[in-house]
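These are my notebook entries on a single protein chain. I set down what I looked up, in the order in which I looked it up.

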Amino acid sequence: MSDSEMGMIERFTDELDPVVFVFGALLTLGVIGAFFFDRDAVSSGIATVHAEMLSYLSWALLVIVFLIVLFLLFLIVGPWGKIKLGDSDPEYSFLSFFAMLYSAGFAAGVVFWGPTEALFYYDSPSPLFGVEGGTGESISIAVQQTLFHWALPQLAVFTIMGIAIGYFAYNYESVPLRVSSALTPIIGKENLDGPVAKVVDIVAVFATIGGVATSLGFIGSQFVSGLDYQWGISMGDTGILLIVTTMTILFTISMVLGVDKGIRRLSNFNMGLFVALMLATFILGPTMFLVLLGSQAIGGMISDFVSMSLYTGAGTEGGLAWMETWTVFYWAWALSWSPFAGLFIARIAKGRTVREVAFTGIVATSAATIPWFTFVGGTAVFFQHEGIADFGQVMAFEVGPEVSGFILFDAFPLGSVFMIAFLVLVTTFFITSADSSTLAVSMMTTGGKAQPSTINRVFWGIVLGLTAAILMILGGEGGADALQQAVVITGAPFAFVCLLAMFSLIKNFSATQGQVLLQDETVLIGSASDKSEDEPAASAEPTDD
């Protein structure tokens, strides 16, 4: 073995946090193995826990995510926004920072659900609105609901973790860049290597692997479905493994190149292709209808934001089931991504202010997401309503939602060109999501190193690729559904981690930057003029010097 190889292995072993690495790896590989050993028993157990968790925690997820959105909006406009993450200048331009944050955060899900989600709400609107499905009135409600799910709230849980991790890691000595650091004021700086911090980091690894692998499984299935739909190339299990292995090699190469040469460049390419496809849909689709639809849907989202955020379905037939199927699932899924996305945001946000990160995380990204879902999703619903394209099998769950994009673009002139561009976009977003999440998991298992070793990153890249491939193979037999339920199980507890991260920031900012809602000495009970008998009253008159 060469000296360079020995050096790589030595660096890998020296940098590891053995507790987090071993438990995170064993937990993830154990779940994968359990599916092969007794898939039915595992699926049944996960479904039971999933149902119990939803019955007790669904309302909590809604309230916590809503509070986090309000806090981030306050950071954007309030005095705490000027606080800086570290004392250096930003490493990347704002556009590159935005592209990486967007591509790595949840853009793969945006591409997958863009052509299809509004179709489900068009067919079965939220009971909150009392609108009949399949009508012209339900079109605007469908797009409004989609914008709500993919704009501020999902992005908020990523952003709060990114700000909390980055602030404590860059502004205090000996605080590592890892998920548990977001809770520094609560668990104590001296306890960041203690059992509580280790548990947070281990669950973060498991939640990240489950959430990201499920998402990558969606994107991979979209790629495979596109090949079958357009060219009749049917992929068996071997073909699926080959496709995912190729994608895994690509994102591993990008990951090994590093953030600057790999993720940044590919993210910039993604955003260019993303915008081009979105604008082409706007131009070739029902342009003026989309302008009217977007204006109405955005206005509806703003005016109904509070009621949509806190809608639990209480007292409404089918309301609870609808809310748990869609809104709560999305929040829990986003929460399963929040450890990885937050850590990656913190990694690339050094030198930026809290206001910049909060604005980019929930406003700038929403500004990119809203047109995509309006143009692509709105066009799909319009085509279905007018009979231009037939998505009936998708809405009836006879075929998977991954087919919707290809049905949509097939209705365009030069449909094959658009479908190829869509496949390229799916692939590149797969790569950027995979390599950024792999980098984040590697950082989690090394105690917070910003540049983990190549061996560590390759190891987690293989685990992610294998898990995504297994999800795709098991999907036809309910395995993917079971692991998506597991994602809710692992993601839901992170609602409380995100809430504690928000409290950590409030606690620290209030102590170091000054309180903004209450004075430092505020009497909550009684009168400020009440004094103890032995305390002299302050003179109302000024004294002479």
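Does Ser 138 count as buried or exposed? I found 0% relative accessibility for Ser 138, so this residue counts as buried. I note at the outset that the model is a predicted one.

**Entry 1: Ser 138**

I located Ser 138 in helix H7, which covers residues 136–150. Its side chain reaches the backbone nitrogen of Gly 134 at 3.5 Å. I then listed the contacts of Ser 138, leaving aside neighbours within four places in sequence: Tyr 122, Pro 125, Val 131, Glu 132 and Gly 133.

**Entry 2: the chain as a whole**

I looked up the secondary structure and recorded 21 helices and zero strands. The chain has 545 residues, of which 59% count as buried. Among contacts with a separation of 6 or more, 82% join residues 24 or more positions apart.

**Entry 3: helix H8 and its partner**

How many of the 20 residues of H8 are buried? I recorded 18, so H8 is largely enclosed by the rest of the structure. Helix H8 runs over residues 152–171, and its first and last C-alpha atoms lie 27 Å apart, close to the 28 Å expected at 1.5 Å a residue.

I next examined how H8 packs on helix H14, residues 319–348. Two packed helices are described by the angle between their axes and the distance between the axes. For H8 and H14 I noted an angle of about 35° and axes 7 Å apart. The crossing of H8 past H14 is right-handed. On the H8 side, the residues making this contact include Pro 153, Val 157, Met 161, Gly 162, Ile 165 and Gly 166. On the H14 side, they include Tyr 330, Ala 334, Trp 337, Ser 338, Ala 341 and Ile 345.

**Entry 4: helix H21**

I compared the length of H21 (residues 494–513) with expectation: its 20 residues should span 28 Å at 1.5 Å a residue, and the end C-alpha atoms are 27 Å apart, which agrees. Among its buried residues are Phe 494, Val 497, Cys 498, Ala 501, Leu 505 and Phe 509. Gly 514 follows H21 and has a positive phi, near 95°.

I then took Leu 505, which is placed in H21. Leu 505 has 0% relative accessibility and therefore counts as buried. Which residues does Leu 505 touch, not counting those up to four places away in sequence? I listed Phe 71, Ile 160, Ile 163, Ala 164, Tyr 167 and Phe 168. Leu 505 and Tyr 167 are 338 residues apart in sequence, yet 8.5 Å apart in space, C-alpha to C-alpha.

**Entry 5: aromatic pairs**

I counted 33 aromatic pairs. One of them joins Trp 80 and Phe 509, edge-to-face, at 5.5 Å centre to centre with 65° between the planes. This pair links distant parts of the chain, 429 residues apart: Trp 80 is in the loop between helices H3 (39–77) and H4 (94–105), and Phe 509 is in H21. Both Trp 80 and Phe 509 are buried.

Why is the pair of Tyr 167 and Phe 168 edge-to-face? Their ring centres are 5.1 Å apart and their planes meet at 75°, over the 60 degrees required. Tyr 167 is buried, with a relative accessible area of 3%, and Phe 168 is buried at 1%.

Finally, I noted a cluster linked by ring pairs, whose members include Trp 113, Phe 120, Trp 150, Trp 326, Tyr 330 and Phe 373.

How values were computed
Residues numbered from 1 in each chain as written. Predicted model: local features only at pLDDT ≥ 70, side-chain atom pairs only at ≥ 80, totals over all residues. Heavy atoms only, no water. Helix = DSSP H or I, 4+ residues; strand = E, 2+ residues; numbered from the N terminus. Expected span 1.5 Å × (residues − 1). Buried < 20%, exposed > 50% of the residue type's maximum accessible area, 1.4 Å probe, protein only. Polar contact = N/O pair within 3.5 Å; in protein donor to acceptor, adjacent residues only side chain to side chain. Contact = heavy atoms within 4.5 Å. Phe/Tyr/Trp six-rings, centres within 6.5 Å; stacked < 30°, edge-to-face > 60°. Axes fitted to C-alpha atoms, helices over the stretch in contact; angles between N-to-C directions. Left-handed = near helix turned anticlockwise from the far one by under 90°.
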